[in-house]
Amino acid sequence: MAEFDEVNRKITIKLVYYGPAQSGKTTNLMRLHDLLAPDLKGEIMTLETQNDRTLFFDLLPLGFRTPSGWLVKLKLFTVPGQVAHDATRKAVLSRADGVVFVADSQRSQSVNNAEAFQNLEENVQRVGMDFSHMPLVVQFNKRDLPEAQIFSENEIRQRWSQTPWPLVFSSALVGEGVRETLFKLLEQVYPALDRLFGLQQEHDVGQQAFISAVLGD
Amino acid sequence: MLASRLLSALYWGTELEITPLPFDRDLNLQELLAGVSLERLGGILKALLGGDFRLLGADGRRLLGSEEPYAQPRRAEIHYDLDLLGQLESASADEARLSAAAAMIELMLRLSARYHMAAELHIETVHEDFAALQQKHAAMMESEARYKALSEELEARVREQVKIIESAQRQLYQAEKLASIGQLAAGVAHEINNPIGFIRSNLSTAQQYVSKLGALESVMQTGNMAQFQSAWKEAGIAFLLEDFTALLGESVDGADRVTKIVSDLKGFSNVDQAEEEIVDLNDNLRFACNMLAGQTRDKVELVMELGDLPKILCFPGHLNQVFLNLLLNAAQAIVDQGRIEVSSEVAGSEVHIRISDNGCGIPEMNLDRLFDPFFTTRQVGSGTGLGLTVCRDIVQAHGGRIEVKSKEGMGTTFTVILPAG
C-alpha cells in the first residue's frame with residue numbers, strides 16, 4: 001500500500017520483483033539503475049549476498065517531483081528467491097503496490113517457476129492483499145540463452161493465454177525487456193494511485209506523464 | 001513433536017517484546033543517527049569544520065551543535081537516497097570542508113540505513129515465525145483436544161462393548177447351565193421311569209392276585225371246607241401270597257429309589273442360589289454316574305472306584321454340574337462301545353476325582369485351548385463351547401483346579417483336584 005506523507009509532501013510506492021532463485025531479479029534492478037533516467041535516482045542498496053544470491057533484498061529508489069511540488073518515490077525491491085527464505089520474502093512483499101514475477105525461461109526451471117508463482121499467490125494472500133486485483137507483470141527472463149534450453153515464446157504464450165497478466169520476454173543481462181516490464185507494471189499501478197491520491201486532479205500528473213517521469217523519457 | 005510442544009509451552013503466553021515497524025519505511029535523520037555517539041560525532045565535526053556547527057533535521061530542529069542560530073551561516077544539505085534529511089551549518093568552515101563533512105555524514109547514514117533495514121526486516125520475520133509457531137501451537141492444542149475427545153469416546157465405546165460381551169457371556173453361562181440341567185432331566189426321567197415301570201407292573205399283578213383272593217371269598221361263604229381247600233390249592237394261593245409279599249417289598253424298594261433320586265435331584269434344582277453345604281463328594285459322584293448310566297447303559301460300561309473322602313464344604317449343586325459335564329464329555333468321546341472309570345481318593349491335603357474314558361482322545365494341539373471360552377470341536381449348534389470353561393470356573397471358585405491328560409485314540413483323563421480342608 002502506497003504511503004501518503006502530507007507533512008513531507010511525499011508519496012511512496014513499493015514495487016516488488018518476485019520469482020524463483022536465480023531467475024534474474026537483482027539483474028533487473030541493476031539494469032534499471034543503468035537504463036533509467038528519472039529526476040531522482042538513488043543507488044542500489046544490496047543487503048547481504050551469499051555467492052551472488054540475495055539473502056535479504058535489493059533496493060533501488062527512483063523518484064520525481066510533481067508540478068505541485070510533491071515527491072513521488074518508488075522503491076523497487078527484490079525478494080530472495082531461495083525456498084528457505086520464505087519469511088523474508090513475505091515481509092518484503094507486504095505493503096507492495098505491484099509485483100513483477102521474474103520467471104526463468106529455461107525448460108529445466110518450469111517446476112521452480114510454478115512453485116515460486118504458487119508461493120507468490122499464497123504470500124500475497126497471507127499479507128492480506130487481493131491477488132486478483134494486484135498489479136502484476138510476468139516476465140520471462142534469460143531469452144538470450146540458446147533456444148534449445150529455453151521455452152519458445154509460443155509455448156509460453158500458449159501456457160499463459162488463460163491468465164490476465166501481461167507477459168514480457170526479457171534478457172536482463174543485456175538489458176532487453178527490463179524497461180518494458182516496468183512500463184507495463186506502472187500502467188497497472190497508476191490507476192490505483194490516481195484513485196487514492198488524485199494524481200491527475202491534485203498533482204497534475206497523468207498516466208503518460210507519470211510513466212515518463214519514472215522511466216526518465 | 002515433543003520438542004515443539006516444549007518450545008511452545010515455554011513461549012506460550014509471552015509476547016515478543018519488540019513490536020516490528022515496517023522495515024521499508026523512510027527514516028529521518030534522528031532515527032538514522034540513533035546508533036551513533038553524538039558526543040563523538042560532535043567532536044569530530046568540530047575538528048573537521050574548525051569550529052562550531054549546527055546539525056539540523058529536515059524540519060529545521062537542531063540535533064547537534066550550537067544552540068544559537070547563526071546570522072549568516074554556510075549550509076550543506078544532507079541527503080539520503082531521494083530524501084533531504086537535514087542541513088549542516090557552519091559559520092567558520094569553507095564550502096569544500098562543509099560539503100565534505102556533509103558527504104561523510106551521508107556515508108554514515110547509508111550504513112546506518114542498511115543496518116536498520118536489515119535489523120527491522122529480521123524482527124519482522126522473527127515475529128512472523130513466532131506468529132506461525134503460535135498458530136501451529138494452537139492447531140496442535142486443538143488436534144490434541146480432538147484426539148483426547150476421540151480417545152475418551154473410544155474408551156466409552158469399549159466399555160459399552162465389554163458390557164455387552166459380559167452380558168452375552170452371562171447369558172451363555174446360563175444357557176450352558178440350562179443345557180446340562182436338560183441333560184440331567186433326561187437322565188432323571190430314565191432313572192425314575194425304571195422303578196415306576198416295575199412298580200406299575202407289580203401293582204397290576206397285585207390287582208390280579210386280589211381278584212383271585214376275592215373269588216375264594218364266595219367259596220368260603222358256602223362253608224364247605226373241603227371245597228374251599230380244593231379251590232385254594234387250585235388257585236395256587238400259597239405261591240400267590242409268597243409272590244405278593246416279594247412284589248410289595250420290591251415296589252417299596254422302587255419307591256425308595258424314586259425318593260432317593262428326587263432327594264439327590266435337590267442338589268441340582270437350586271444351582272443358582274445354592275448355599276454351601278458339607279457333603280461327601282462320593283455321593284455326588286454316584287448320583288452323577290446314575291444320571292449318566294440312565295442315558296448310556298447300552299454303550300458305556302461305568303466303573304466306579306470310590307475311596308473314602310473327608311466331607312468338604314462346597315456348593316454341591318455346582319460340583320454336580322462339573323461331574324455330570326465331565327461324564328457327558330467322556331460318554332461323547334466314546335463312539336461305539338467303551339468304558340468310563342470314575343475314581344476318587346485323598347492325596348495329601350487334596351481330593352482327587354478322576355474321570356477317564358477310553359474314547360477318541362483330544363489332539364495335542366487342542367489341549368492348551370480346551371478351557372478357552374467358546375472353544376469347541378463339535379458342530380456349530382451342538383455345544384456352546386463353554387462347558388469346560390464353566391467347569392474350570394466352578395472348580396477354581398472352590399480353590400481347586402482341573403488337570404487333563406489325553407492321547408488321541410487312547411482316551412482322556414480329567415482330574416478334578418479340590419482342597420480337602
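This is a predicted model: local features need pLDDT of at least 70, side-chain atom pairs count only at pLDDT 80 or more; totals for chains, interfaces and linings use all residues.
Between the two chains, 18 residues of chain A are in contact with 14 residues of chain B. On the chain B side, the residues that touch chain A comprise seven charged, six nonpolar and one polar.

Within chain A, helix H5 (residues 178-197) and helix H7 (residues 207-215) have axes that come within 10 Å and cross at roughly 140°. The crossing of H5(A) and H7(A) is right-handed. H5(A) contributes A:Arg179, A:Leu182, A:Phe183, A:Leu186, A:Glu187 and A:Tyr190 to the contact, while H7(A) contributes A:Gln207, A:Phe210, A:Ile211, A:Val214 and A:Leu215. Classified by type, the residues in the contact of H5(A) with H7(A) are eight nonpolar, two charged and one polar.

In chain B, four strands form an open sheet in the order S2-S1-S4-S3, with antiparallel pairing. Strand S2 (62-65) and strand S3 (74-80) of chain B are the edge strands, each pairing on one side only. From one strand to the next, the twist averages 20°. Seven bridges join S3(B) to strand S4 (residues 83-90) of chain B in the antiparallel sense, and B:Arg74 stands opposite B:Ser90 in S4(B). H3(B) packs on this sheet, where it touches strand S1 (53-57), S2 and S4 of chain B, and its direction makes about 60° with that of S2(B).

Helix H3 of chain B has twelve residues (residues 38-49); at 1.5 Å a residue it should therefore span 16 Å, in agreement with the 16 Å between its end C-alpha atoms. Just after H3(B), B:Gly50 adopts a positive phi of about 65°.

Notes: Residues are numbered from 1 along each chain as its sequence is written. Chains are lettered from A and ligands numbered from 1 in the order in which they are written. Two residues are in contact if their C-beta atoms, placed from the backbone, lie within 7 Å. Ala, Val, Leu, Ile, Met, Phe, Trp, Tyr, Cys and Pro count as nonpolar, Asp, Glu, Lys and Arg as charged, and the others, Gly among them, as polar. Helices (H or I, at least four residues) and strands (E, at least two) are DSSP runs, numbered from the N terminus. The expected span of a helix is 1.5 Å times one less than its number of residues. Axes are lines fitted to C-alpha atoms, for helices over the stretch in contact, and angles run from 0 to 180 degrees between N-to-C directions. A crossing is left-handed if the near helix is turned anticlockwise from the far one by less than a right angle, and right-handed if clockwise. Two strands pair if DSSP finds at least two bridges between them.
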